[in-house]
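Visitor: Could you take me closely through one part of this structure, the sheet in the N-terminal region, and then place it in its surroundings? I would like a single connected account.

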Amino acid sequence: MLLLGIDIGTSSVKIGIVDSATQQIVASAQYPDEESPIKALHPGWAEQSPQMWWEQAQLALERCHAKKVYNPADIAAIGIAYQMHGLVLVDKDQNVLRDSIIWCDSRAVEIGDKAFSAIGEEKCLSHLLNSPGNFTASKLAWVKENEPEIYTKIDKVMLPGDYIAMKLTGDITTSVSALSEGVFFDFETNSISKDIINYFGFDQSLFPVVKPVFSSHGTLLASVAQKLNLKAGIPVTYKSGDQPNNALSLNVLNPGEVAATAGTSGVIYGVSDQLTYDQQSRINTFAHVNYTEQQKHLGVLLCINGTGSLYRWAKNNFGNGLSYTQLNNEAKKAPIGSEGLQVLPFGNGAERMLNNKQVGAHFQNIDLNLHTPAHIFRAVQEGIASAFRYGLDIMRSNGMNPTVIRAGKSNLFLSELFAETFVNATGVPVELYNNDGSVGAALGAGIGAGIFTSPAQAFSNIAPIQLIEPSSQQFEPVYQEWKELLDERLKAKG
């Protein structure tokens with residue numbers, strides 16, 4: 001019995017086929033080979049086409065089938081992971097009304113800040129566990145204010161994973177986890193937030209039916225099944241944002257457990273059973289995949305917008321055709337501290353952990369007679385690791401003190417240098433696993449379909465492939481100098 005996981009990323013869509021008996025991946029594929037485009041019509045904007053995601057999902061699945069190492073007829077359930085916080089709008093005929101305003105778009109920051117003040121900061125934090133910031137609710141308010149002709153046509157508001165599930169099944173559903181990541185959910189009343197609805201003037205009919213993350217979100221349409229070479233009627237039994245799903249893929253489900261990822265964005269994600277929030281909303285709290293009214297498991301999330309996106313920028317501009325593996329090898333040639341070259345990795349929109357300021361990416365102390373591309377590649381990795389340390393210190397001040405962090409061996413964690421720098425910067429050991437987002441989505445589908453009797457059974461054969469422990473204090477002065485540079489930039493921003 002096989003499970004299909006679909007991971008709708010910012011850079012690409014990845015498909016994973018998992019054997020439910022062994023929990024091991026049978027086949028995987030992604031599309032496209034290069035990073036997907038992000039439309040930036042104005043500074044700080046970021047949009048993608050939902051139709052592009054759907055087309056990429058189909059092409060990635062086609063690539064997976066072409067490997068001919070499994071029988072598509074054996075697929076019993078489908079799970080979906082997706083880039084968080086994106087706004088997808090459809091009319092009554094399920095036609096997309098505009099491109100999705102995605103997670104790193106900053107246009108709605110001012111709208112969210114005004115809502116934070118008007119509703120009341122303490123009320124927002126205690127009920128929503130977050131400031132509305134530039135999350136999905138504020139993006140919807142931006143459309144209402146700036147594109148009224150589109151707003152009046154909206155039948156349903158969705159997140160990216162809801163849209164893909166709709167294309168597969170024809171049904172539109174959501175979950176408490178999804179509503180909370182959009183900052184539509186009131187944790188005190190355990191319902192859609194009346195404060196958000198009333199302040200922004202939204203009609204509650206815009207929101208889909210709410211179902212548990214692990215449940216049937218519809219079954220595969222016959223017309224779609226034929227096109228995808230799958231059986232009609234396969235249930236979609238799991239939908240989750242990419243970071244809660246990444247945590248699931250690493251078996252991070254219980255209070256105190258912590259996951260990390262360093263893809264397009266960088267995230268540390270810890271599970272708590274307390275309705276906790278940061279007074280400045282620099283870190284964010286959402287319902288975890290296993291949240292229930294009786295068992296309030298929450299995901300405490302630190303996000304850095306520009307991690308893999310910065311490394312890609314460095315590759316494109318200084319890599320001279322090198323692969324990421326070659327870049328990582330080049331970076332090892334430079335010493336710790338990159339001989340004074342410092343990088344602030346904040347060039348991908350407003351950073352929540354920096355109070356929604358747009359600091360920008362900065363390269364500091366370039367010596368034209370000394371620094372080489374190797375220094376640049378190392379300094380980028382060190383700057384990203386320093387940003388993780390900075391954010392983890394905020395999480396620590398809010399009671400999240402991990403003794404180990406689990407991460408998939410993918411993206412920047414493929415770099416031995418980055419993994420070692422991350423561990424030495426944070427002072428926390430890292431366990432690396434082979435799982436990725438598509439595997440997590442597939443295993444989630446197995447849980448939702450009842451193929452596994454419990455999440456524990458779904459991970460009974462999952463074990464770390466590597467443990468990296470702190471080995472040096474040499475990076476601490478490098479980090480302190482980096483932090484001084486960041487503090488200067490933040491003061492300059494006011």
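Guide: In this predicted model, strand β1, residues 2-8, runs parallel to strand β5, residues 75-82, and the two are paired over 7 bridges. Within that pairing, L4 has I78 of β5 as its bridge partner. Helix α6, residues 160-169, packs on the sheet, where it touches β1, β5 and β13, and its direction makes about 150 degrees with that of β5.

The pair belongs to an open sheet of 5 strands with mixed pairing, in the order β3-β2-β1-β5-β13. Because β3 (25-31) and β13 (236-241) stand at the edges and have a single partner strand each, one side of each is left without a neighbour in the sheet. From one strand to the next, the twist averages 15 degrees.

The peptide bond from Y31 to P32, however, is cis, with omega near -5 degrees, and P32 lies in the loop between β3 and β4 (47-48). N229, a residue other than glycine, has a positive phi near 60 degrees, and its place is in the loop between α9 (222-228) and β13.

As for the annotation, UniProt lists residues 3-244, in an unreviewed entry, as "domain: Carbohydrate kinase FGGY N-terminal". Over residues 3-244 the chain is 35% helix and 21% strand, with the end C-alpha atoms 19 Å apart. The unreviewed entry in UniProt also lists residues 259-447 as "domain: Carbohydrate kinase FGGY C-terminal", and over residues 259-447 the chain is 35% helix and 21% strand, with the end C-alpha atoms 20 Å apart.

Another open sheet, also of mixed pairing, is formed by 7 strands in the order β16-β17-β15-β14-β20-β21-β22. Here β16 (284-287) and β22 (466-468) are at the edges with a single partner strand each, so one side of each is left without a neighbour in the sheet. Neighbouring strands of this sheet are turned against each other by 25 degrees on average, direction ignored. Strand β20 (residues 405-408) and strand β21 (residues 430-433) run parallel and are joined by 4 bridges, and G408 stands opposite Y433 in β21. Helix α14 (residues 416-426) packs on this sheet, touching β14 (258-262), β15 (266-272), β20, β21 and β22, and its direction makes about 50 degrees with that of β22.

Note on methods. Residues are numbered from 1 along each chain as its sequence is written. This is a predicted model: local features need pLDDT of at least 70, side-chain atom pairs count only at pLDDT 80 or more; totals for chains, interfaces and linings use all residues. Side-chain values use heavy atoms; hydrogens and water are left out. UniProt positions are given in the numbering used here, feature names are shortened, and annotations may be inferred rather than shown by experiment. Two strands pair if DSSP finds at least two bridges between them. Axes are lines fitted to C-alpha atoms, for helices over the stretch in contact, and angles run from 0 to 180 degrees between N-to-C directions. Contact means heavy atoms within 4.5 Å.
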